Amino acid sequence: MPLPLPCGQRTSTTEGHPVLNPSAAQPIEPPDESIVFGTGKGGVGKSTVAAHHAAASAEAGHRTLLICVTGQDDDDLGIKRYDRGTRPEGPSVIDGQGLYDAIHDRTPLRPIREVRPNLDVMPGGEMVGEIDGLLMLRTLKEGAGVVLSLAQALAPIAPLYDRVVFDSAPEKDSLEQLVLAAAKYLMVPTRSDESSVRGMERISKNFKLVKTQVNPHLQMAGAFLYGSNGTATLMHASVFEDIRATLGAGTSILETIVGYREVPARNARKKGLMFGEYAELLPTSATKHDVKAGRATSADVVPDTILSLAKEMRALNQEIFDHTRRSA
Ligand SMILES: Nc1ncnc2c1ncn2[C@@H]1O[C@H](COP(=O)(O)OP(=O)(O)O)[C@@H](O)[C@H]1O
Ligand SMILES: [Mg+2]
């Protein structure tokens, strides 16, 4: 159930104070460099692009925080499967537990540190689904300001970072609103199919609600087509029309289109590696011949299509950085 958002309801930041106060009257300004990858449809590349964008930011030397507000823990960075990063002391933050606890206890986020140099992460997972029920109960008692719960949990640690990247969940309006209330930019990925285009209608509705009622700083940074054949230009033109019809005629559409490359994308995620990291394994890859001879398994073969995938993802991230810099 979406949160009702009465006009003008605001809450305070909690600078220097571990307990958040949802009833005070100060608005929360989102970090300058904070971006949500969101649309109301699963399987369009939100989590993949959010993880790669955060990793690219960190690699460029910016202190970056990735917050995964999604019930599905894709673990693109290999945090759970390969135990990457330094876990904070105290209760586990894995499987969305850390996000749930911070909102439930009204305490600052406790990320996993240095999952890669300069990159900290609040992982998503099963417990994120429970946040919806918690928000609903709280809305009855405390009003619509609870939509700022994540912004409040982020505010005390936000000064530690140059950039904050949010992955978002398509499954619930309340979770979509929660990330939109905490960020400055929304970037909308889409696939070319009808239902992905329809998925943009929901994020568009939540964008307008949150912007008019709790987070006036929120801006539509643009949209991009993900996982599509670069030569299908006529079809792309028709999808771009649909995007503008749904998100607004002035919506910027990025030029880079990352192709559909199922094998390297799937393998990289399984290994908890970014596309660029996986591409670095290519020179030492096993061959099909090695597999036939029983010296290696198919999991040891790095497909050479990873090179194009890594290159396109790098180009996409560069375009997103340039684009948000221009919007600012
Ligand atoms: N360029 C790509 N080509 C093909 N499959 C991809 C590509 N990028 C990601 N995938 C795969 O597509 C699926 C959906 O991607 P994901 O990022 O999880 O989408 P969302 O977060 O929107 O649900 C995942 O299995 C992912 O590994
Ligand atoms: Mg996802």
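Start by selecting the lining of the largest pocket: nine nonpolar, twelve polar and nine charged residues. The model is predicted, with local features needing pLDDT of at least 70 and side-chain atom pairs pLDDT 80 or more, while totals for chains, interfaces and linings use all residues. Residues are numbered from 1 along each chain as its sequence is written, and side-chain values use heavy atoms, without hydrogens and water.

A pocket here is an open set of points on a 1 Å grid over the protein atoms alone, where a 1.4 Å probe fits, with protein on both sides within 12 Å along at least five of seven lines; lining residues have an atom within 4 Å of a point. In the class count, Ala, Val, Leu, Ile, Met, Phe, Trp, Tyr, Cys and Pro are nonpolar, Asp, Glu, Lys and Arg charged, and the others, Gly among them, polar.

This pocket has a volume of about 600 Å³, counted as the space filled by probe spheres set on the points. Now pick Gly-43, Val-44, Gly-45, Thr-48 and Arg-269, the closest to its centre of the 30 lining residues. Then colour helix 1 (46-59) and helix 8 (262-270), the elements that give two or more residues to this lining; helix 8 gives the most, with five. Helices are DSSP runs (H or I, at least four residues), numbered from the N terminus.

Next stop: the second largest pocket, with about 430 Å³ of space. Of its 19 lining residues, Ala-55, Ala-56, Glu-59, Gly-276 and Arg-314 are the closest to its centre. Helix 11 (306-327) is among the suppliers of at least two lining residues, and its six residues are the largest share.

Methods: Chains are lettered from A and ligands numbered from 1 in the order in which they are written.
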